[in-house]
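Subject: Structure handover

Hello,

Here is the structure I promised to pass on. Please open it next to this note; what I found follows below.

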Amino acid sequence: MYLEATLTPPIQAKLKTTGADAVLRSLVEEDVDLIFGYPGGAIMPVYDALYHYQDRVRHVMTRHEQGAIHAAQGYARATGKVGVVLATSGPGATNLITGIADAMIDSTPLVCITGQVGSHLLGSDAFQETDIISISMPATKWNYQVTKAEDLPAALARAFFIAKSGRPGPVLIDITKDAQFASLDFEYRKCEQIRSYKPVPEIDLNQVRKAAALINSAKKPFVLFGQGVILGNAEEEFRAFIEKTGIPAAWTLLGLSALSTDHPLNVGMLGMHGNYGPNVLTNECDVLIAIGMRFDDRVTGNLATYAKQAKIIHLDIDPSEINKNVKIDIPVLGNCKETLTELTEAVEFNSHSAWRSKFKEYDKVEAEKVIYKELQPTTGPISMAEVINQINQTTQGDAILVTDVGQHQMIACRYTKFIKSKSNITSGGLGTMGFCLPAALGAKLGAPEREVIAVIGDGGFQMTIQELGTIFQTQAAVKIVILNNSFLGMVRQWQQLFFDKRYSSTEMVNPDFVAIAKGYRIEAKSVTEREELESAVKEMLRHDGSYLLEVHVGKEDNVFPMIPTGASVSDIRLD
């Protein structure tokens, strides 16, 4: 049987109920407290059952299914729990695909439940029928179509286990309408194991010893850390490892906030718009230690010239990432919470003070040529970095920052200060414009005690602008900052640098964002002058409720440093 798995003893005795009710009972047994979704014909029986569970499970109806799944992503990233989404068949299900693909590449645990036409209509091109199983297969960890009510509890138990175990990811369960109406004897047993599925590899202590020996002999070791540290709840173990070894550490886009940005061993951001020193010195280190990251092309640049001088150690939970992009000398498989513990015991104390000073030299160069100009311009329009710096000063690094995709994303991630993990939420691998606004909503509902600030470009904001309605209806106190440069800024930057300033289809004529926000009864303000910025940011953060702050920034400002496509990390440009 496809659903064969090792299950816990029944949580309760068998109960006669419907498939739709079984879905809600299963979610309750998995401790689901929040669902994002949008009703429709094929999922209506589940929504009818949901009516009777309003005291146990909160449902948030977004204004679009893409908004629902991005909100679930934001919730999952802020809480570490599984995000849950409901949608109907056909267009409802297909509207989830962008978010599912985003969650897959960024390792976000989701359970997506879609309605489907009756089983007797499958394959007949019935109204709102789409083969969502085939469509979603390459973008999910697992998907399954349920046509019999009695299969629902086991399918959902398996879905939650797969979504959150090992390297997390999205799962989709498609339920035919007749299976939702049909009766079953309900019992729920959580899934603990699936035959042939080993989400966490066994640790090979011999590999750990080899890695430790190489680290102990290194003169210029360098750590690259990614989101795997956060997903493995290994922040403390990671900090203990670098503090014992004295190794400088740089982060990927999704690794940001795993280590406090003011930690003395935190040397900054890797990749295309990362910091100068971490990129250049990648090609000077003698041992490269990658922890919970996947050597994305935006991090490595030209693979033919990437870290060829270094021995490479790779700690990862996913065997498929080993040697996928970069040849690894010593792979160490397993959850990094456990592998780092073993490795830290085996390594020697060190400081690597001379090597660390090299990073400080590059920091000075970057500060003089880039950072001072961005943070402290004396003339011209407000810079994006100024806005982020003002947010830093006001929040003291104690906020969740959610970003969309583009120039503002790179600036925000370069300059935002973080003191807590799970504070940086952005679309990494897929680069999904429109992600930010609904993701910020989900993050705020998942972590209501924390300040949640959405930093968005004027382009991405308009892709999911309708979710202002969801923010208004839920009264979620999301703070929204639009960095408005009247361009699709990142595309325009490439057009300027590599296409002789042929600004093809990137300039935007924008609406009155303040008027739109106020139409949704969200307090809003627009700022154009530098002198107004500090008071405007403070006013936004003091406001009791959601707030939209539009800041007009330089139309043709660029983000530097920058590694041109196809170039080596050593060829990073400062202007």
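Why are Trp 494 and Phe 498 separated by about one helical turn? They are four residues apart in helix 21 (residues 489-498), so about one turn lies between them. An α-helix has 3.6 residues a turn, so residues three or four places apart point the same way. Helices here are DSSP runs of H or I with at least four residues, strands are runs of E with at least two, and both are numbered from the N terminus.

First, the ground rules. This is a predicted model, in which local features need pLDDT of at least 70 and side-chain atom pairs count only at pLDDT 80 or more, while totals for chains, interfaces and linings use all residues. Residues are numbered from 1 along each chain as its sequence is written, and side-chain values use heavy atoms, with hydrogens and water left out.

Aromatic pairs

Rings of Phe, Tyr and Trp (its six-membered ring) pair if their centres lie within 6.5 Å; planes under 30 degrees apart count as stacked, over 60 as edge-to-face and the rest as tilted. By this rule there are twelve aromatic pairs. One of them is Phe 186 with Tyr 188, which is stacked: 6.4 Å centre to centre, 20° between the planes. Phe 186 is buried, at 0% relative accessible area. Tyr 188 is also buried, at 0%. Buried means under 20% relative accessible area, exposed over 50%, and partly exposed in between (1.4 Å probe, protein chains only).

Trp 494 and Phe 498 form an edge-to-face pair, 5.7 Å centre to centre with 75° between the planes. Trp 494 is partly exposed at 22%. Phe 498 is partly exposed at 34%. Phe 222, Trp 355 and Phe 359 form one aromatic cluster.

Helix 7

Helix 7 covers residues 152-164. Its 13 residues should span 18 Å at 1.5 Å a residue, and its end C-alpha atoms are 19 Å apart, which agrees. The expected span is 1.5 Å times one less than the number of residues. Eleven of the 13 residues are buried, so helix 7 is largely enclosed by the rest of the structure. Among the buried ones are Arg 158, Phe 160 and Phe 161. Just after helix 7, Gly 166 takes a positive phi of about 60°.

Backbone points to check

- Lys 422 has a positive phi of about 55° although it is not a glycine. Lys 422 sits in the loop between helix 17 (407-415) and strand 18 (424-425).
- Arg 521 has phi near 60°, a positive value in a residue other than glycine. Arg 521 lies in the loop between helix 22 (513-519) and strand 21 (523-527). At 65% relative accessibility, Arg 521 counts as exposed.
- The peptide bond from Phe 560 to Pro 561 is cis, with omega near 0°. Pro 561 is in the segment after strand 22 (547-552).

Best wishes
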